[in-house]
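Student: I'd like to learn how to read a structure like this one. Could you walk me through it?

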Amino acid sequence: MNWQPSATLAALRARAELLARIRGFFAGRNVLEVETPLLCSSGVTDPAIEALMVDRGDSLPAPRYLQTSPEYAMKRLLAAGSGPIYQLAKAFRDGEAGSRHNPEFSLLEWYRPGLDHHQLMAEVAALVIHCLGPRPVEYHAYRELFSAELGLDPLTASLDQLQQRARASLDVGALSGDRDMWLDLLMSHLVEPALADRGLCFVYDYPASQAALSRVEEKDGQLVAQRFELYVDGLEIANGYCELTDAGEQRRRFLADNERRRRRGQPQRPLDERLLAALAAGMPACSGVALGVDRLLMLADGQTDIRQVLAFDWQRC
């Protein structure tokens, strides 16, 4: 049995230094650090994310979900008048393990009332540069990036066109799926590699079908999500939104997620009624972002495998 840590002591010290830098960054901007529960009564409905569960116990009358992010609880704090907040938290996702994934990972999440997603991108860039040092920063609309790299309009291309473009460059075998699956495949296998040597690259205005918990707006005759992702040296490390505050629309999206789960044979998840009540009570207009701390540390420490920055990866616990 291998009891040794997967990270070196130098990597553990680098983690401590990174956490101190992050806390110093937010202290200088008067953003409040908060802590919310890891055990939740409701799991996320997103079909692409599976929560880990804790069974009943003496103090648990029903199973609980280990949080996949602190988003729902932090939004309840925002609705209660917290103002700008951030959290360094453990998060858990089932079925995610590899050189860039561990089922238990560290997440930095923060919310900025009064900022749109473009203003938040600027703050994300400032934080990353504060932690990693100077790097060039680029901003690309999702549609423009696909057009430049693949000669394809991702907002108007048909399912058949997306499949043909993927099959022309990738060995996908008998793979099948909806438009979003093919868009994700093209993004991860053909577009992302083109960002590898370009420093910080923000990609924004995702297809409306990938809005998740973000607002949607019309641009150039097409609906797009007010959402962004950040790639640093080709590694995706952050996902941000101009946050949806409409409780009715959020409920509709949760129900639509569960319907997709039903069609795919996945278990449906209970809706987070406390979040919906908080939205109905009035959450301020804001933007928020989740950033992978372990991946940020990989970049800071020059590592290529997440296990090299974890004290104990999931196979050593």
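Student: What should I know about the model itself?

Tutor: This is a predicted model, in which local features need pLDDT of at least 70 and side-chain atom pairs count only at pLDDT 80 or more, whereas totals for chains, interfaces and linings use all residues. Residues are numbered from 1 along each chain as its sequence is written, and side-chain values use heavy atoms, without hydrogens and water.

Student: What share of the 317 residues is buried?

Tutor: Buried means under 20% relative accessible area, exposed over 50%, and partly exposed in between (1.4 Å probe, protein chains only). In this protein, 48% of the 317 residues are buried.

Student: Is Arg227 buried or exposed?

Tutor: Arg227 counts as buried because its relative accessible area is 10%. Arg227 sits in strand 10, residues 222–232; strands are DSSP runs (E, at least two residues), numbered from the N terminus.

Student: Which residues does Arg227 touch?

Tutor: A contact means heavy atoms within 4.5 Å. Leaving aside residues up to four places away in sequence, Arg227 touches several residues, including His117, Asp205, Gln210 and Tyr241. With Gln210, a polar atom of the Arg227 side chain lies 2.7 Å from the backbone oxygen.

Definitions and conventions: Helix = DSSP H or I, 4+ residues; strand = E, 2+ residues; numbered from the N terminus. Polar contact = N/O pair within 3.5 Å; in protein donor to acceptor, adjacent residues only side chain to side chain.
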